[in-house]
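Please keep the sequence and the three-dimensional view at hand while reading.

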Amino acid sequence: MTGMEAGLLLQTEIEARLIPQTGLEAGLLLQLGFGALAVLTALTAAPFLRSRAVGILCTLIAVTGFLTGLAAMLGGTGGLRISIALPMDPLLLAPDRLGGLFMLIVSGVGILVSLYSMSSTHGPDASRTAWVAMPVFLVGMQLVPAATDSVSFLLALEIMTLGSTVLLLADHASRATVASAGIWYSAMSQLSFFFILAGFAVLAAASGGTSFSNPQAIEPGPANVAFVLFLLGFGGKAELVPLHVWVPRVLPEAPSHVSAAMSGAMVKIGVYGGLLVCIRLLPDGPAWWGIAIMVVGGASALYGILQASVSSDLKVLLAYSTTENMGLVFLGLGASLLLRGYDATAAADAALVAALLLAVSHAAFKSTLFLGAGAIIHATGERNLDRLGGLGARMPVTAAAFGVASLGAAAIPITSGFVAEWMLLQSLIHGGRLNGAVVSVTASVAMPLAVAVIALTAGLALLTFVKAYGIAFLARPRSAEAAKAREVPPLMQLSLALGALFVLALGLLPGPIAALVAHTVSSNPSAAVQSIGLGGVSLPGIGAVLDPIMLVVLSALVAIPVIVSIIVSARRHPHRTVDLPWGGGGSRARPRMQYTATSYAEPLVRVFDDVLKPSRDVQVTHVAESRYLVERVRVEQRVSDVFETRLYRPVLNLFQRYGIVVRHVANGSIHRYLSYSFVALLIVLIVVSL
């Protein structure tokens with residue numbers, strides 16, 4: 001064989017061809033084409049054109065992915081096959097209905113982020129490297145739900161991770177915290193990837209193939225091992241505890257449009273992976289799988305919202321809130337698995353649809369919240385709530401969009417968050433009984449506990465977002481930067497307005513949306529969810545009905561008299577400027593006399609002291625040398641991540657000490673190195689002889 005022939009045999013031959021019965025291939029090809037064009041434009045465009053040109057192309061990538069995902073949800077077939085001259089199945093990109101839903105989710109967030117980034121990026125965030133990474137990130141997220149085999153799934157997952165890592169590190173040269181966040185993100189991403197890779201390896205060994213389209217029956221042993229590996233892997237991608245520790249470091253340090261994409265879209269890949277495993281690859285799992293997912297989801301929801309409620313950093317608050325929301329999604333998925341195992345099909349379907357609606361609604365309101373946080377930082381340079389205030393009058397569009405998204409995050413009626421949590425609660429309340437009889441002791445205990453978790457989570461979420469919105473937008477300015485704030489550019493306003501409209505649309509028209517979502521996971525969607533009236537939703541299997549239009553009418557009937565009475569009272573009693581008694585009679589209340597985010601959350605810190613483990617530092621400065629007269633008191637309170645300090649730090653310190661010891665082994669002595677080689681040779685000979 002000649003060298004040329006050997007080279008030809010070793011060369012990987014890649015052939016991309018369309019599947020004959022296609023309907024989705026054009027969209028997939030356009031996504032890849034726009035992605036390649038965006039990368040080329042980012043490399044060649046002049047700096048003053050780069051942001052707009054690549055931003056437009058990224059918007060086209062997202063719009064194409066949105067339409068492709070919608071076509072897949074409506075039953076479109078076909079895809080793109082990539083045949084590789086290696087002993088493995090061809091790579092196939094062909095999203096089904098479930099994959100189409102998640103393509104639609106990540107692409108919808110991509111549209112908002114791409115529009116926003118054209119005006120928000122500057123400095124390192126608008127560099128050639130950052131704009132090359134942006135389309136790579138978007139295309140990677142869109143290709144993961146389109147993959148139909150484990151190899152293409154893992155390749156798309158790594159493309160997505162690579163793009164997001166580069167975007168995160170765009171400003172690493174000027175901020176040391178960005179470099180630290182990048183290390184944590186890279187380490188945790190690769191740890192999750194290792195677990196996912198190991199899970200697919202177990203499945204491939206047990207089934208004899210890498211394709212998702214024809215899952216084979218797998219023995220309970222390998223199936224249980226694969227499930228645990230997938231729960232760890234996709235749980236890390238979805239920010240579930242204890243693999244969430246990268247979240248409070250990465251999302252606050254990333255550029256705001258990247259934070260929005262990571263929180264609103266990228267974490268949904270973890271949700272999609274969990275659904276892929278539990279619905280398609282391993283559909284007949286035992287009841288303990290559902291219990292395990294519910295425990296992890298419930299713990300994530302409670303811990304995430306507790307940390308969010310006591311945070312005064314706006315982006316850290318939103319990051320921990322994402323952990324809470326993903327915990328609720330997995331709580332619904334686990335409840336569905338548990339109920340289906342006891343033949344409570346109607347409640348199981350409702351819980352599964354609720355989990356999907358939670359994912360859709362979270363993509364809408366959380367991306368809007370992160371973009372709103374970015375607008376605040378753009379206008380003030382601050383993300384510390386204790387230094388904000390008065391932004392409602394100075395940034396009306398941002399205030400309105402952030403307010404609507406906050407209502408959605410707090411699950412207030414006529415928003416997307418309320419509909420999803422209402423449906424999840426209905427499935428849990430009715431899931432413990434079937435035809436009036438107790439389904440099982442396990443379910444009858446698990447369902448009320450899950451309801452209690454959701455109730456506590458909802459209450460803490462309401463408190464958290466009242467704090468975030470009230471202190472940032474309604475209080476008086478606490479810094480010169482907040483007092484000088486002005487509204488952000490029009491494209492950023494447009495993204496915020498579109499996100500807020502999505503939140504309201506999902507809340508006012510849940511029926512058609514829930515019915516469409518039900519088609520992605522249910523063999524009999526009409527029995528699980530039905531659309532009624534103008535936009536209401538019905539769960540016929542458990543007899544629950546929700547009509548948001550009636551909620552709007554009832555709210556108006558209650559609110560209109562209150563508003564009229566307030567207006568009449570205001571006209572009868574005009575506002576007067578009066579010196580307040582606690583101002584000493586000499587001045588009105590100053591901004592420092594208002595509640596801060598820290599003081600607002602102080603009661604919660606005391607109640608949950610054993611969970612949050614706060615640290616407090618009180619510094620008292622006396623007047624001159626007096627022991628009695630105090631000039632200044634400074635109180636500083638920090639709430640660290642318990643999992644990081646109690647779990648990860650000890651392990652990292654152990655490895656660091658081990659590394660120091662090992663460093664002494666390599667002291668540069670040639671005699672010592674020869675001794676190591678001799679000992680290694682003896683060990684190999686002994687092993688071979690045995």
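Which element gives the largest share of the lining of the largest pocket? That share, six residues, comes from β10. The model is a predicted one, in which local features need pLDDT of at least 70 and side-chain atom pairs count only at pLDDT 80 or more, while totals for chains, interfaces and linings use all residues. Residues are numbered from 1 along each chain as its sequence is written, and side-chain values use heavy atoms, with hydrogens and water left out.

**The largest pocket**

- The space in the largest pocket amounts to about 1500 Å³. On a 1 Å grid over the protein atoms alone, a pocket is an open set of points where a 1.4 Å probe fits, with protein on both sides within 12 Å along at least five of seven lines. Grid points are joined across faces, edges and corners, and the volume is the space filled by probe spheres set on them.
- The lining consists of 42 residues, and Ser 312, Asn 384, Asp 386, Thr 598 and Gln 637 are those nearest the centre of the pocket. A lining residue has an atom within 4 Å of a grid point.
- Two or more lining residues come from each of α7 (176–207), α9 (247–253), α11 (287–310), α12 (314–341), α23 (597–607), β9 (615–622), β10 (630–638) and α25 (642–665). Helices (H or I, at least four residues) and strands (E, at least two) are DSSP runs, numbered from the N terminus.

**Salt bridges**

- The structure holds eight salt bridges. Each is a side-chain nitrogen of Lys or Arg within 4 Å of a carboxyl oxygen of Asp or Glu.
- One of them joins the side chains of Asp 96 and Arg 280, at 2.0 Å from N to O. Asp 96 lies in the loop between β3 (91–93) and α4 (97–120) and Arg 280 in helix α10 (residues 256–281), so this pair ties together parts that are 184 residues apart in sequence. Asp 96 is partly exposed, at 30% relative accessibility. In these terms, buried means under 20% relative accessible area, exposed over 50%, and partly exposed in between (1.4 Å probe, protein chains only).
- Another salt bridge links Asp 313 with Arg 383, whose closest N and O atoms are 2.8 Å apart. Because Asp 313 is in the loop between α11 and α12 and Arg 383 in the loop between α13 (345–380) and α14 (391–394), the pair ties together parts that are 70 residues apart in sequence. Asp 313 is buried at 18% relative accessibility, whereas Arg 383 is partly exposed at 23%.
- Glu 382 and Arg 387 also form a salt bridge, with 2.9 Å between the closest N and O atoms. Glu 382 counts as buried at 16% relative accessibility, and Arg 387 as partly exposed at 33%.
- A network of salt bridges links Arg 249, Glu 644 and Arg 649.

- Asp 149 belongs to the loop between α5 (128–146) and α6 (150–168). Is this residue buried or exposed? Asp 149 is buried, because its relative accessible area is 2%.
- The side chain of Asp 149 makes a polar contact of 2.7 Å with the side chain of Ser 152, and also reaches the backbone nitrogen of Leu 92 at 3.1 Å. A polar contact is a pair of N or O atoms within 3.5 Å; within protein, one must be able to donate a hydrogen and the other to accept it, and residues adjacent in sequence count only if both atoms are side-chain atoms.

**Backbone features in loops**

- The loop between α8 and α9 contains Pro 242, and the peptide bond from Val 241 to Pro 242 is cis, with omega near 5 degrees.
- Glu 239 is found in the loop between α8 and α9. Glu 239 is not a glycine, yet has a positive phi of about 70 degrees, and is buried with a relative accessible area of 0%.
- Ala 411, in the loop between α15 (396–409) and α16 (416–431), has a positive phi of about 60 degrees although it is not a glycine. At 14% relative accessibility, Ala 411 is buried.
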